[in-house]
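Here is a short briefing for a reader new to this structure. Begin with the sequence and the model.

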Amino acid sequence: MRALRFTDWKTKPTLQDVERPTPGPGEVLLKVAGAGACHSDVAAYDDFEAATAPKGMAPPFTLGHETSGWVEELGEGVTGIALGEAFLVYGPIGCGRCVPCSKGQDTYCERVAEMPYLATGLGRDGGMAEYVTVPARNLVPLGDADPVAAAPLADAALTPYHAISLALPVLAKGGSTALVIGLGGLGQIAVQILTALTGATVYVTDRKQDAVDRAVARGAIAIDASGDQAAQLREATGGTGVDAVFDLVGATPTIQLGQAVLARGGRLSVVGIAGGEVSWSFFANPYEAVITNTYWGSIADLHEVVAMYQRGQIVPDVERFSLEDAPEAYRRLEEGTLDARAVIVPHAG
């Protein structure tokens, strides 16, 4: 079968012919419906080296940690799953025995240093292929929902959903406000989740006008990125600041913007991993305001994300590519010329 492989550090992924995998005990073989292309993949092959990469991400492996598909074959011991059923794959794979894993929080596995890989598509062969094997435990049923468009939900929706869920206590009041910084794939879905789960007024900012326009069409209020954004937000909130800020970029200037507009008792969630740094002092930080980070989400979160997708509360913006065109999808991702999440469809046509 064909697969998009990450073969070495500082090396672009390439299409290769590999053997079709066989599911082991407790696993299933999926015929891949779709696999989303993510900036985390670009970081893996462009930014990291053996000495700096997270443990469990050493090449070679097939990319694709946002994966959906239909069950093609069951491994030993797997029951209650029918051939042909459509599922979304929960990517993180922990030890399955520690306290976080027992809660479905594989992203925070206490034995991550002992694991041979981080996730399906991050160290373990992922969904940028015609077929992929995954643990049956990591399957979230899609029912009749479109599995191709669902693929990005495994990260591009799960990640902001988890961050927003943790911030709900500061948004659970009349007149609450939220700010989404960065309106790529995650940011567009964050606006939809905030709108569906809260009554907050949602402000957005991005330097790409088309991305801003899409967010505004979804009910958000735009902040002019070319002007003094902090001043605009202070004025818009009557000087009190924003209750919940979601920084989906994570660069130093975006973190600083979040700090500058945060309300007393507010929450700044740095979700993006652009490597920005934050400075803190007692009197500069609004009283009882929290600055934190989040990473991906739990499998329980993903079940809730899929429920929102099935009800039409989340509609991912996707652009479909064939498996042969996967390198082109990543080229455009690197250039920033994609207007939607690239989804590789191995069995297109």
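Which residues are buried in helix 10? Ala-326, Ala-329, Tyr-330, Arg-332 and Leu-333 are buried there (buried means under 20% relative accessible area, exposed over 50%, partly exposed in between, with a 1.4 Å probe and protein chains only).

This is a predicted model, where local features need pLDDT of at least 70, side-chain atom pairs count only at pLDDT 80 or more, and totals for chains, interfaces and linings use all residues. Residues are numbered from 1 along each chain as its sequence is written, and side-chain values use heavy atoms, leaving out hydrogens and water.

**Helix 10**
- Gly-336 follows helix 10, with a positive phi near 80°.

- Six strands form an open sheet in the order 13-12-11-14-15-16, with parallel pairing (two strands pair if DSSP finds at least two bridges between them).
- Strand 13 (221–222) and strand 16 (290–293) are at the edges with a single partner strand each, so one side of each lacks a neighbour in the sheet.
- Strand 11 (residues 177–181) and strand 12 (residues 201–205) run parallel, joined by five bridges.
- Val-180 has Val-204 as its bridge partner in strand 12.

Note on methods:
Helix = DSSP H or I, 4+ residues; strand = E, 2+ residues; numbered from the N terminus.
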